[in-house]
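Me: I am new to this structure and would like to go through it step by step. Could you show it to me before I ask about the details?

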Amino acid sequence: MTQARRMQLAVRSVETFYGNIQALHGVDIEVGEGEIVTLIGANGAGKSTLLMTICGNPRARSGSIVFEGEDITLKPTFEIIRLGIAQAPEGRRIFPRMTVMENLQMGAITAPPEHFDQDIERVFTLFPRLKERQVQRGGTLSGGEQQMLSIARALMSRPRLLLLDEPSLGLAPKLVREIFAIIAELHESGVTILLVEQNASLALQHADRGYVLDAGRMTLAGPAAELIADERVRQAYLG
């Protein structure tokens, strides 16, 4: 970071299990207000598990998660969302039988209703293709359009922290560039973003800071520019 930022999210010594299988081992991360922080690591490293743990499902078995000064470790997911955290999950997971507009309405359930028209206009400005397809069922959209809808739906809740899980997965290079241009625009507007992304090079180019997760353990952390230059990161994740 080039200047001190107010700490928005602090994950401390978090351990997460699926049954008897431990997925996260004492993970620590911090996200400052207005930052893009990226998590990189191999498939199965625990990146998605960490995002889901922040949202309360699965729940951390030990450690703490503090968002804007409030301990959310044991809060149910719906309360965490109401506090201002939203996730665009891996695999999009939109409501395929609902229209684009109905998906966006679902995302707005926790937001003040008086802002709905303003928020719709905002996401349609960011994603003009969704405006063109607002009466189309989500399941009939292209992969790139479904990814746009997943992010737009998350934005409709007016999050102060946006969790993005593999936004470029399965997309053509042109669509990847479009998605990351939108992520950069959200960053410029002040949205805090915690990003999990398979394209480590692209993620680090857009991030302020990064963490490397390996087999459920944090192995490296630092400013994105330093991680890009780190020979260990270059050999393992940047090709």
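Me: Leaving aside its neighbours within four places in sequence, which residues is Q8 in contact with?
Reply: Q8 is in contact with V31, G32, E33, V66, F67, E68, R160, L161 and T192, where contact means heavy atoms within 4.5 Å. Please note that this is a predicted model, in which local features need pLDDT of at least 70 and side-chain atom pairs count only at pLDDT 80 or more, while totals for chains, interfaces and linings use all residues. Residues are numbered from 1 along each chain as its sequence is written, and side-chain values use heavy atoms, with hydrogens and water left out.

Me: Where is Q8 placed, and is Q8 buried or exposed?
Reply: Q8 is in strand β1; helices (H or I, at least four residues) and strands (E, at least two) are DSSP runs, numbered from the N terminus. Q8 is buried, because its relative accessible area is 2%. Buried means under 20% relative accessible area, exposed means over 50%, and partly exposed lies in between (1.4 Å probe, protein chains only).

Me: Which backbone oxygen lies 3.5 Å from a polar atom of the Q8 side chain?
Reply: That is the backbone oxygen of R160.

Me: Which strand does β1 join through 8 bridges?
Reply: Strand β1 (residues 7-18) is joined by 8 bridges to strand β2 (residues 21-32), and the two run antiparallel. Two strands pair if DSSP finds at least two bridges between them. Within this pairing, L9 has V31 of β2 as its bridge partner.

Me: What about the turn of that hairpin: which residue takes a positive phi?
Reply: G19 does, with a phi near 65 degrees; the hairpin of β1 and β2 has 2 residues between the strands.

Me: How many bridges does β1 have with β4?
Reply: There are 5 bridges between β1 and strand β4 (residues 62-67), again in the antiparallel sense.

Me: Changing topic, how many residues of helix α1 are buried?
Reply: Helix α1 (residues 47-54) is mostly covered, with 7 of its 8 residues buried. These are K47, S48, T49, L50, L51, T53 and I54. Just after α1, G56 takes a positive phi of about 90 degrees.

Me: How many salt bridges does the structure hold?
Reply: The structure holds 13 salt bridges. A salt bridge is a side-chain nitrogen of Lys or Arg within 4 Å of a carboxyl oxygen of Asp or Glu.
Reply: One of them is formed by R209 and E35, whose closest N and O atoms are 2.8 Å apart. This pair links distant parts of the chain, with R209 in strand β9 (residues 209-214) and E35 in the loop between β2 and β3 (36-40), 174 residues apart.

Me: Are R209 and E35 buried or exposed?
Reply: R209 counts as buried because its relative accessibility is 12%. E35 is buried too, with a relative accessible area of 0%.

Me: Which residue meets R129 in a salt bridge?
Reply: The side chain of R129 meets that of E178, at 2.2 Å from N to O. R129 lies in helix α5 (residues 128-132) and E178 in helix α7 (residues 173-188), so the pair ties together parts that are 49 residues apart in sequence. R129 is partly exposed, with a relative accessible area of 26%, and E178 counts as partly exposed at 22% relative accessibility.

Me: What is the distance between the closest N and O atoms of E178 and K174?
Reply: Those atoms are 2.8 Å apart in the salt bridge of E178 with K174. Both residues lie in helix α7, 4 residues apart, which is about one turn of the helix. K174 is exposed, because its relative accessible area is 54%.

Me: Which residues do salt bridges that share partners join into one network?
Reply: R6, E33, E68 and R160 are joined in this way.

Me: One last topic: where is Q198 found, and which residues does Q198 touch?
Reply: Q198 is in the loop between β8 (192-196) and α8 (200-206). Not counting residues up to four places away in sequence, Q198 touches E166, S168, L169 and G170. Q198 counts as partly exposed, at 45% relative accessibility.

Terms used. Polar contact = N/O pair within 3.5 Å; in protein donor to acceptor, adjacent residues only side chain to side chain.
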